[in-house]
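Thanks for coming. I will go through one model today, strand by strand, and then stop at one residue in a loop. Please have the picture in view.

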Amino acid sequence: MHEIDIHTHQVKSEVSIRILNIFAQDLPFLNDKSYYSAGFHPWHIGLVDPEKCLESIELATSQRNMLAVGECGLDLSVSIDFAMQEFYFRKQTEIAQKHSKPLIIHCVRAFSELMKIKKETKSDIPWIIHGFHGNQQTALQLMKHNFYFSIGKSLLSDQRKKDILKLLPADRLFLETDDGNTSISEIYSLAAQMLNISHEDFAATVLENFKRLFGSEKLPILI
Ligand SMILES: [Zn+2]
């Protein structure tokens with residue numbers, strides 16, 4: 001059984017397939033045995049050289065173990081200039097589109113802006129919202145715009161969110177550990193329990209999603 005961790009900051013994670021998040025300012029990522037994504041996080045605007053970050057992401061796309069662009073995105077809960085956030089996010093959607101890499105998105109309180117950008121760009125690559133724990137209405141709107149959802153502990157440890165998880169189409173779901181200490185196995189168990197299906201069946205579904213988005217040749221794994 002493969003348990004895929006679509007977004008993690010844990011270098012030591014021992015799962016068979018995981019996408020390690022690398023911040024653009026930490027590129028190049030020289031380990032060619034681990035899948036990773038690379039992105040310029042909106043929180044880092046003003047702290048790092050943005051042009052260099054974009055250049056490094058563009059360069060990284062040529063590595064076969066670089067699977068996605070991100071995390072990148074929009075965050076209205078922080079006081080970082082939103083026009084700048086939008087500018088650099090759009091730049092990264094362009095890089096992702098140009099190199100046919102899915103996007104791993106950090107989005108806080110900016111879902112309508114995010115949907116607007118997706119519509120405008122007419123992008124046909126997968127847009128995966130990581131750490132999704134929004135409400136039902138947001139989930140429904142995002143589904144209409146063909147977003148994918150990566151779910152982590154914050155949604156799964158809240159029984160009130162059960163209905164939202166059930167609402168999300170199984171073929172659009174991923175799971176993640178992000179920067180938490182809960183293992184991906186535990187995350188799968190929590191999700192399977194909430195959905196009232198077996199751990200194995202759920203893992204098989206997510207595996208199919210992974211193959212469809214990232215290519216089945218990405219299995220068997222490099223590590
Ligand atoms: Zn993260």
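Before going on, two remarks on what you are looking at. This is a predicted model, in which local features need pLDDT of at least 70 and side-chain atom pairs count only at pLDDT 80 or more, while totals for chains, interfaces and linings use all residues. Residues are numbered from 1 along each chain as its sequence is written.

The names of the elements also need a word. Helices (H or I, at least four residues) and strands (E, at least two) are DSSP runs, numbered from the N terminus. Two strands pair if DSSP finds at least two bridges between them.

Back to β5 and β6. Strand β6 covers residues 127–129, and three bridges join β5 to β6, the two running parallel. To get from β4 to β5 the chain passes through helix α2, residues 82–98, in a right-handed β-α-β crossover. Right-handed means that, with the strands pointing away from the viewer, the path from the first strand over the helix to the second runs clockwise. β5, helix α3 (residues 111–121) and β6 also make a right-handed β-α-β unit.

Is β5 buried or exposed? Five of its six residues, 103–108, are buried, so β5 is largely enclosed by the rest of the structure. A residue counts as buried if 20 or more other C-beta atoms, placed from the backbone, lie within 10 Å of its own; with 12 or fewer it is exposed, and in between partly exposed.

Now the whole sheet. It is an open sheet of eight strands in the order β1-β2-β3-β4-β5-β6-β7-β8, with parallel pairing. β1 (4–8) and β8 stand at the edges with a single partner strand each, so one side of each has no neighbour in the sheet.

Moving in from β1, the pairing of β1 with β2 is parallel over three bridges. T8 has L20 in β2 as its bridge partner, and L20 in turn is the bridge partner of Y36 in β3. Four bridges join β2 to β3. β3, residues 36–39, pairs with β4 over three bridges, and Y36 stands opposite M66 there. As for β2, residues 17–23, six of its seven residues are buried, so β2 is largely enclosed by the rest of the structure.

Next, two helices. α7 and helix α8 (residues 199–214) pack with their axes 9 Å apart, at an angle of about 105 degrees. That makes α7 roughly perpendicular to α8. Axes are lines fitted to C-alpha atoms, for helices over the stretch in contact, and angles run from 0 to 180 degrees between N-to-C directions. Under 35 degrees is roughly parallel, over 145 roughly antiparallel, 65 to 115 roughly perpendicular, and the rest oblique.

Last, D178. Where is D178? D178 lies in the loop between β8 (173–175) and α7 (184–195). D178 is buried, with 21 other C-beta atoms within 10 Å. Leaving aside neighbours within four places in sequence, D178 is in contact (C-beta atoms, placed from the backbone, within 7 Å) with H7, T8, H9, G131 and G152. The C-alpha atoms of D178 and K161, 17 residues apart along the chain, are separated by 19 Å.

How values were computed:
Two residues are in contact if their C-beta atoms, placed from the backbone, lie within 7 Å.
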